[in-house]
Each structure stands twice: as C-alpha cells, then as structure tokens.
Amino acid sequence: MKHTLLFLMISVILFSCKKEKIELPDTTLEGIFVINEGNFQSGNGSITFYEPSTGKIVDNLFNINNSHSLGDVALSMNIFNGFGYIVVNNSQKVEVVTMNNFKWAGTIGNLSSPRYFLPVNAVKGYITDWISNSVAVVNLNTYQVEKNINTGNGPEQMAIAGNKVYVTNGGGFGDDSTITVINTFDDTVLKTLAVGRNPNSIAKDKNGNLWVICNGDIGPDWIGGTADDIAGELLRINPANDSIEARFPMSAFDHPMKLTINSDGTQIYYLNGMSGFDGKIYAMDITDNSLPASPVIDKIFYGLGIDPVTNNILGAYVPGFSQKGYMFRYTSTGNFIDSVQVGIIPNGFAFN
Amino acid sequence: MKKEQILFLLLFFLTALLYAQTEADTIIYIPVVEFDGSKSDQIPGMVIFKIDSTVRLTHQFSSVAEIISQHTPINVRSYGNGLLATINARGLGANHTSVSWNGIPLNSANLGLTDLSLLPSFLFDEIAVVSGGTGPVYGNNSMGVGIELLNTKAKNTTLNISGMNGSYGSVAKNINFNYGGNKFQSSAGIYIYNSDNDFTYKNIAKPGNPLQKQKNARQRQIGLAQIIHFNIKNNNFKTGLWYQTTERELPALMISDKSEELQRDSSIRVFAEWSKIMKKIILSNRISYINEFIFYDNFKNKLSGKSDVKNYRDEVEIKYFPFRKLTLNSSLSGDISMAKIQEYKELKEFSRMEININSKYQIKNNLFIGGGLKKEFTRLSKSPLAFSVGLDSDINERKLLFAANFSRIYTLPTLNDLYWKPGGNEDLKPETGINAQLNLTFNFIRDGFLSFTGYYNLIDDWIQWLPNSSGLFSPVNIKQVESSGLEAAIKQNLTIQNWKFIISGNYSFTKTINKSIINNKELINKQLLYVPLHSTNSYILISYKNVAIYSKLEFTGERFTTADNTYSLEPYFLMDSGTIISYKHDIYQFTIKPEIRNIFDVSYQPIPWRAMPGRSYFLTINLNLNFKQN
C-alpha cells in the first residue's frame with residue numbers, strides 16, 4: 001500500500017510539470033523560415049521561424065503549433081497562396097500549413113520519396129518523387145495525388161516557364177544527365193533535354209531564361225576530389241526553344257548545388273565544393289561571361305538562400321549531424337551580419 | 001524538473017529506509033562454491049548482483065532485458081516491445097558490456113553487442129550482473145560491466161510445463177525436463193513464443209493523435225536447449241546445446257506510414273567443457289561453437305541482407321591454490337570468427353588469442369586483495385594490456401563492507417566498424433580507458449542490505465560513425481568520453497510467521513559526457529544520447545502461505561535525443577503488478593500467475609517514435625512435477 005502511495009505521490013509531482021507553449025499571434029508570419037532536415041528515422045525535422053524586424057526566433061514552429069510531428073528529413077518548403085508546403089522526405093509526405101499561424105491544413109500522402117514542391121496553378125502542384133523517378137500531380141484542394149508522370153532518375157528541383165515545367169533529373173541511386181520537360185496542360189512529358197551530369201537545381205532569371213546547376217559525379221568510390229570525379233557545370237537554357245545557350249563547366253573536382261537567384265532575377269548564387277553535398281557560396285551576375293573565380297563567402301555551407309527583402313545572403317551551417325545548426329547572414333556583398341541558432345541540419349530557407 | 005527529481009530521490013530513499021527495519025542476504029558477494037564457469041569472484045573489488053529466485057518467479061517468460069532493467073541499476077535500452085534491447089551500462093555503448101553464457105562470450109564479432117531481447121530468462125539458472133574492472137575477466141567488450149548467464153546442475157528430477165496467454169495475441173509455451181542423478185544431470189527444454197504485438201496506442205506523430213493499432217509487428221520464437229553435466233572418474237563434463245530462431249516483423253516508427261521490414265535471427269550455440277578438481281588445482285577446457293544468422297528483408301524498398309557469423313573458441317583455464325590464502329586463475333583462449341556479410345564483399349576472418357592471469361590473496365579474515373592482467377593478440381589492431389586491481393574488505397564485522405577496484409579497459413573495433421562497405425575504416429584504434437569503482441555495503445541486522453557504488457570511467461578514442469567529407473558515414477576515433485555516477489541498491493527481506501515481505505530498489509545517477517571531441521566544441525560536456533541522468537526501479541512482494549502479490553515500478557528520467565542536448569524525451573514511470581497463487585499436492589505443484597503490465601496505461605517512448613504498449617494483461621500457468629528429491 002505504501003508502495004502505491006509512493007507511486008501516486010511521484011506521479012503527481014511529475015505530471016504536474018508541463019512544458020510551456022509559445023502562442024503565436026493570429027497574423028500572417030512574415031520573415032524567414034529555415035528548413036531543418038532532422039535526422040533520418042528520428043522524427044526531428046523542424047522549421048525555425050526568424051522575424052528580421054524584431055529578431056524573434058521560434059524554434060520547432062510546426063510542432064509547437066500542431067498536435068502532431070513534422071517527421072523527418074524536411075527537405076524543402078514552398079509558400080504559395082497563403083499556404084506553406086513542407087516536403088518531408090523520409091516521412092513520405094508534404095505537410096500543408098496556413099501561413100497566418102502555421103496551423104496544419106492537410107497532408108499530401110501517397111508519395112515514396114518526395115523532394116520538392118512546385119505550384120503550377122491555383123489548384124495544381126507538382127512534387128518530385130526521388131525514388132519512384134516521377135513527378136506526382138497533386139490537387140491542391142483535395143491534397144490527393146491524381147497522376148504520376150515518369151521522369152529520369154532521381155528528380156530534384158523544378159522550374160516553370162509558361163506552360164512548361166522543367167524537372168532536373170539528379171541521378172537518384174545511379175546517374176542521369178537530362179531535364180524532363182512537362183506540359184502543364186495535360187501533365188504529359190513534352191520532351192527530354194540533354195544537359196550536364198546530374199542536374200539538381202534550377203532557377204529562372206529576369207529575362208525568363210532558366211539556369212541549371214549540374215552536380216557532376218563524385219564517382220563510384222563515394223569520395224569527392226578523386227580521379228574518378230566528373231566535374232559539375234552551370235548552364236543556361238532558353239525556354240522559348242529549349243536550347244542550351246551557355247555552358248559554364250566547373251573546374252576539376254567541383255560539385256556545385258543549390259542554385260538560387262535574387263528577387264530581381266539578376267544575380268545567381270550557388271554552393272560549390274568537392275564533397276558533392278556542401279560548399280562555399282559563389283555569386284555571378286546573369287550577364288557575366290565566365291564563372292566567378294572566388295567565392296563571395298569563404299565558408300562551407302549546406303544550404304543557401306537570398307532574402308528577397310534585403311538581398312542578404314543566408315547560409316545554412318551544420319556543425320554536426322546530431323545538434324542544432326546555424327543560419328549565417330551576410331549582406332549582398334558578403335559582409336557578415338550575424339548568426340542565429342536554428343534546428344538540426346538546416347538545409348534551406350523559405351520567405352514570406 | 002530538477003526539484004522534482006530531488007524530491008523523488010528523497011522519497012525513494014525514505015521509503016526504502018522505512019522498509020529497511022530488518023535485514024539482509026548475501027546478494028552482493030558470491031562465495032566460491034564449485035567450478036561452474038562463473039568468473040565473477042576472480043578479482044576483488046567487483047560488485048555482483050544476482051537476480052534472486054523470487055524475482056525469477058515473477059518473470060517466467062520475460063527476456064533477460066526485462067529482468068535487468070527492472071531489478072538492477074543497469075540501464076537497458078529497448079527499441080520497442082520485444083525488439084532489440086541493448087545494455088547501456090553506465091551510459092556507455094551497447095558493445096561495452098559483455099554477456100557470457102556458461103563462460104562463453106556471446107557478443108557478436110560483427111556488431112560487438114548482444115541483443116538481450118532474444119534471451120529468454122527461463123533458460124538460465126543464474127543471472128548475474130558484475131561491475132567493476134571486469135575487462136581482464138570477461139575480455140574485449142567489458143568496459144566495466146559483465147553479464148553472466150549460467151546453467152547449474154539439475155538438482156531434482158522434474159517436469160515443468162508452462163504456458164502464458166496475454167494481450168495483443170501473446171502466447172508462450174515451455175516444457176522443461178530436468179534429471180538430477182548422482183553422476184548425470186540434464187536439463188532440457190523446448191519453447192515457443194508467438195505475439196501479434198498489435199497493441200493500440202495513441203499516435204502523437206499523426207494529425208489528431210488517433211488511436212492506432214501497431215502494424216507489421218508480429219513476433220515468433222522457437223527454441224530448444226539442453227545442458228548436461230556428468231562425471232567420470234573425477235572428471236567433470238558439461239555440455240550445452242542451444243538453438244533458437246526468432247522472426248520479428250519490424251514495425252514502422254510512429255512518424256512513418258508503413259513498414260514491411262522483417263528480421264530473422266537464428267542461432268546455434270554448443271559447448272563442451274571438461275574440468276578436473278585436484279588437490280591444489282582445478283583444470284578445465286571449454287570448447288564452443290556459435291553460429292548466428294541474421295536475415296533482414298525490406299519488401300517496400302526491395303532491400304534484403306544476410307549476415308552469417310561463425311565463432312569457434314577454445315579456452316584452457318587453470319585455477320591454482322598454492323597455499324590456502326592465495327588463488328591464481330589463469331586462462332588461455334583462442335577464437336576465430338568467420339563473417340559472411342554481404343556488405344563486407346568477402347569472407348572476413350578475425351582471430352585472436354588471449355592470455356589472462358588473475359590472483360586473489362586473503363590478507364586476513366575478510367580482507368582480500370588481488371588483480372588481473374590480460375593481453376589479447378590479434379592481427380588487426382594492437383590491443384593494450386588490460387589490468388585490474390582491487391580489494392574487498394570488511395570494516396565492521398560484516399556489517400559494513402568496502403570494495404575498491406581500478407582497471408585499464410578497452411574495446412576493439414567491431415567487424416562492421418572495420419569492414420562495412422561503404423564506410424568501414426580499417427585504421428581504427430581500439431577504444432581504451434580507465435575505470436575506478438568504490439563500493440560500500442551496509443548489511444542490516446538480518447536479510448537486508450544497502451549498497452552504494454560510485455564509479456568513474458574515462459575512455460579515449462571512442463568510436464562513432466560520422467559523415468565524412470563526402471557525406472558518407474564512416475567510423476572514426478573521435479572523442480574522449482567520461483562516465484561517472486552513483487548506483488544505490490537496497491534490499492530487505494522480512495518473514496513473520498506465514499508472512500513474507502521483500503522490498504528492493506535501485507537508483508542510478510549516470511553522467512556520461514563528451515570530455516573532448518574533434519572539431520565540435522559545442523558537444524563538450526554534453527550528456528550522450530538517450531542516457532538518463534536518473535533512473536530507478538523498485539520491487540515489492542508480499543506473500544502469505546501460498547499466495548503472493550507483487551509490484552514493480554520503473555522510472556526513467558529525461559533522455560536527450562540530440563548530441564547538443566537541445567531536444568529530449570520526457571521521463572516516464574511504469575508499474576507492473578501481479579499475483580502468484582500456487583497449490584501443491586504430493587509431487588504436483590500448480591501455479592497460476594495473472595499479471596497486469598503498465599497498470600497506469602502510460603504512453604511513453606524509450607526511443608523517439610517507437611510505440612510501446614499501454615496497459616496489458618498476462619496469465620501464466622505452470623505445472624511442476626517433482627519425481628525425486630535428492
């Protein structure tokens with residue numbers, strides 16, 4: 001009996017301490033959303049919210065505002081029509097939240113290995129599905145996958161130009177050197193463009209041209225910087241005739257990634273290094289005729305973003321895989337502003 | 001949480017003391033009885049926990065994992081109900097605690113660990129947890145704690161038939177026949193276990209936190225074991241055979257939708273031991289063969305894997321008593337592991353030889369000093385000379401006992417660390433360190449004790465798998481880990497006429513931190529993953545004549561889920577209770593044991609997103625026929 005009593009007393013003590021919850025105002029969240037992958041199979045992917053005007057940081061934004069967990073390997077987030085679409089790769093889903101208080105609005109399931117989301121129009125979105133080599137066509141009202149379009153190996157980022165969506169085929173488990181072009185009217189493959197080895201990111205400039213980063217290949221030894229490497233490249237495609245107008249091969253052993261562009265569409269940025277998954281930040285004007293010789297920021301990052309309001313350069317820094325990372329902020333010319341602690345393995349940014 | 005924890009501890013000790021009115025048994029120190037394969041007494045200064053028989057009564061079909069977790073200060077990390085369970089004694093890794101069965105090391109060469117969830121407790125007559133400078137005694141994987149599983153001679157001739165039925169489709173059966181002759185003894189058993197394991201739980205990872213049934217979680221186990229002892233002209237022989245196969249579906253984490261994973265662990269373990277007790281010498285030779293076969297299948301991702309590891313081992317042991325107060329133990333062993341694992345690309349052989357000398361000297365009545373040395377020779381890594389020195393002393397006529405031990409310890413890299421492709425690193429150094437331990441034991445007036453053990457471990461070249469410059473995970477000797485802590489144990493038995501009371505409890509404070517780490521200052525002084533700072537368990541049994549009731553309470557404190565200690569899992573309490581009713585007539589004894597586990601239906605996660613069952617019910621019945629009393 002004493003034993004039971006003891007148990008009850010202890011229970012009261014323990015269960016009476018509850019964690020405090022951060023209440024968010026019921027207004028649209030405006031600022032920077034940091035996408036933190038979390039660890040594979042650990043369910044600790046997260047979104048960190050940073051409000052530049054006040055310096056306020058909210059860690060684990062999704063989990064504190066919703067009754068369930070974001071899951072793991074949060075790969076990307078896209079904000080469209082007042083909703084945030086968070087792609088959670090290993091949890092095989094896209095979580096949809098409202099942008100005013102980050103409340104859960106729905107889950108897009110039936111995906112094997114989702115990577116990126118692209119809104120096509122008000123009712124339709126595309127999601128690249130890495131392992132099934134396809135793009136899922138999603139109804140944005142019902143959150144149902146209505147169709148799958150076959151692509152090349154390991155589809156990654158997409159960009160839209162007119163009624164065409166360009167899907168970079170990053171190579172998946174093997175390799176690939178193509179871009180699949182999809183007709184958005186009937187969701188069919190229009191054509192396949194030959195590009196460099198393992199294209200993985202794409203962005204549209206102010207002239208409507210598409211810039212593509214091809215990662216290259218670190219080779220079958222799984223080690224970057226060795227003889228079996230194929231260097232990456234940057235190229236420009238004119239969507240009017242789908243021709244490659246310019247090619248900028250990288251130096252030997254270079255494996256660029258995470259191409260992004262400023263809000264004016266005049267300056268492109270990418271990460272470049274030997275590893276194939278992280279690198280220093282490089283910047284290039286879209287009118288330049290050659291690749292930049294040196295990085296604008298001489299520090300290795302895992303993710304990259306350009307703040308559309310200030311043109312600040314944001315770097316996602318990962319000090320270790322089982323600990324919180326940082327967002328480093330720099331001016332557009334590369335002067336360090338500050339660093340802010342974010343979630344586990346930050347890999348990119350979304351802006352609202 | 002801080003204040004609550006302190007309060008809890010106070011409560012724990014107060015209650016413990018309340019029950020500590022009267023006293024003790026000799027759980028802590030085992031005297032040398034006979035040659036039975038146990039090595040726990042070879043070096044002074046060790047702390048030995050033997051799981052006692054009343055505890056075993058309440059755990060008929062439990063795994064060794066459940067018993068150790070509920071009745072010792074040692075932490076067991078479980079990856080789900082009936083799934084992988086590893087010992088993380090003193091906050092160290094799963095490959096830092098050795099498990100031996102009748103003197104044969106069970107830790108696999110490829111993983112370095114033993115899955116305790118696969119070891120049904122009813123197979124072993126004795127389960128002991130030995131802590132201190134166990135390295136020279138148990139070898140490679142013993143960084144401070146060794147688990148001994150022993151089979152002793154059958155004393156009686158009995159037939160035992162047991163069955164269990166329980167929640168989520170759990171069914172177990174065990175038939176055991178013991179023959180206890182004068183020159184020949186045998187224990188043979190066959191057992192099966194089946195569980196759908198489809199318990200309902202609240203899925204906090206899903207929108208609206210729905211009640212969900214665990215899927216793809218079925219478990220099946222079948223096994224047989226036989227131990228034979230016989231004696232021919234003063235030569236003692238002992239043989240063992242143990243075959244077991246376990247098929248477990250591996251359920252998805254709460255965060256994932258579905259899993260189609262399955263794992264099948266099959267093992268065959270055989271040994272033969274010869275020993276001869278002479279005037280001043282006990283000579284023995286033990287030869288063993290272990291084959292562990294693991295098959296893994298993931299239908300969803302079309303992945304499958306096989307691992308087939310065979311181990312051949314021989315050990316010669318000499319116990320020598322040159323004069324009455326000195327005991328010398330020396331052993332020479334050689335073993336070879338042959339690992340056929342897909343990811344190694346080729347058959348890998350790992351052979352080694354170990355030489356070990358331990359001594360113990362009795363200075364006076366209850367004062368022993370001694371030490372041990374061990375050197376291991378392998379072709380791969382240079383292992384350091386391990387040693388252990390200690391003393392056992394009696395401060396106040398067996399009312400207050402004192403034990404101290406200091407040792408140098410190490411663990412070799414596992415075959416996976418060395419050869420797994422991609423990632424394996426053949427340049428790894430062994431993990432080496434020191435271990436110091438002090439123990440004070442107060443024996444109460446009768447049948448009870450209170451024991452405190454403080455320890456300190458410092459381990460260099462700790463191996464961890466980390467992404468390399470290409471993002472590929474590879475093991476490296478990355479850091480220095482310091483583990484220090486306190487273990488407290490209390491036990492009190494009390495008998496008043498037909499009434500019997502037993503209360504026992506354990507508390508452990510475990511601080512295991514990164515002392516230094518290459519290129520990652522933020523992790524210095526941070527607690528290792530999933531190691532609770534505080535954990536306790538307690539057990540109470542009250543019996544009157546042939547009826548007993550018992551309760552077990554387990555508390556596990558906050559566990560960090562990230563290396564920088566920014567995220568953690570909530571503490572939890574679990575309580576199990578049951579009744580034992582037995583009826584004896586002539587040679588028959590019939591026992592019925594209803595039990596409720598997780599009485600308070602606590603929803604908890606030992607490891608992130610692993611669903612665990614809520615309240616569940618089990619009924620065990622047991623029929624024992626005792627044909628002949630020796």
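In chain B of this predicted model, residues 24 or more positions apart account for 62% of the contacts that have a separation of 6 or more. Please keep that figure in mind as we turn to the overall form of the chain.

Chain B contains five helices and 33 strands. Its C-alpha atoms fill a box of roughly 65 × 55 × 50 Å, taken along the principal axes. Is chain B a compact globule by its radius of gyration, or an extended one? For 630 residues, a compact globule would have a radius of gyration near 25 Å, and chain B has 24 Å, so the value agrees with a compact globule. Of the 630 residues in chain B, 59% are buried. The chain exposes about 26200 Å², and carbon and sulfur atoms supply 59% of that area.

Let us now move to the interior. In soluble globular proteins, nonpolar side chains tend to be buried together. The largest nonpolar core here has 40 residues. Which of its members touch the most others? They are Ile68(B), Trp101(B), Phe124(B), Leu149(B) and Trp242(B). Helix H3 of chain B, residues 64-71, gives this core its largest share, namely four residues. Apart from this core lies another, of 17 residues, which includes Leu29(A), Phe33(A), Ile47(A) and Leu70(A).

If residues up to four places away in sequence are not counted, Leu149(B) touches, among others, Val64(B), Val99(B), Trp101(B), Leu106(B), Leu119(B), Phe124(B) and Ile127(B). Ser100(B), Asn102(B) and Glu126(B) are also among the residues it touches.

I turn next to chain A, and to one of its sheets. Four strands form an open sheet in the order E8-E9-E10-E11, with antiparallel pairing. Which strands lie at the edges? They are E8(A), residues 114-121, and E11(A), residues 144-150, each of which pairs on one side only. From one strand to the next, the twist averages 25 degrees. E8(A) and strand E9 of chain A, residues 124-129, run antiparallel and are joined by five bridges. Within E9(A), Gly125(A) is the bridge partner of Pro119(A).

Finally, consider a single loop residue. Asn198(A) is found in the loop between strand E15 (188-194) and strand E16 (199-204) of chain A. Is Asn198(A) buried or exposed? Its relative accessible area is 7%, and the cut-off for a buried residue is under 20%, so Asn198(A) counts as buried. Leaving aside neighbours within four places in sequence, Asn198(A) is in contact with residues including Asn169(A), Gly170(A), Asp175(A), Ser177(A), Ile213(A), Cys214(A) and Asp217(A).

Note on methods:
Residues are numbered from 1 along each chain as its sequence is written. Chains are lettered from A and ligands numbered from 1 in the order in which they are written. This is a predicted model: local features need pLDDT of at least 70, side-chain atom pairs count only at pLDDT 80 or more; totals for chains, interfaces and linings use all residues. Side-chain values use heavy atoms; hydrogens and water are left out. A nonpolar core is a set of buried Ala, Val, Leu, Ile, Met, Phe, Trp, Tyr and Cys residues joined through side-chain atoms within 4.5 Å. Buried means under 20% relative accessible area, exposed over 50%, partly exposed in between (1.4 Å probe, protein chains only). Helices (H or I, at least four residues) and strands (E, at least two) are DSSP runs, numbered from the N terminus. Contact means heavy atoms within 4.5 Å. Two strands pair if DSSP finds at least two bridges between them. Axes are lines fitted to C-alpha atoms, for helices over the stretch in contact, and angles run from 0 to 180 degrees between N-to-C directions. The radius of gyration is taken over C-alpha atoms; the globule rule is 2.2 Å times the number of residues to the power 0.38. Accessible areas come from the Shrake-Rupley method with a 1.4 Å probe; for residues, only the protein chains shown count as cover.
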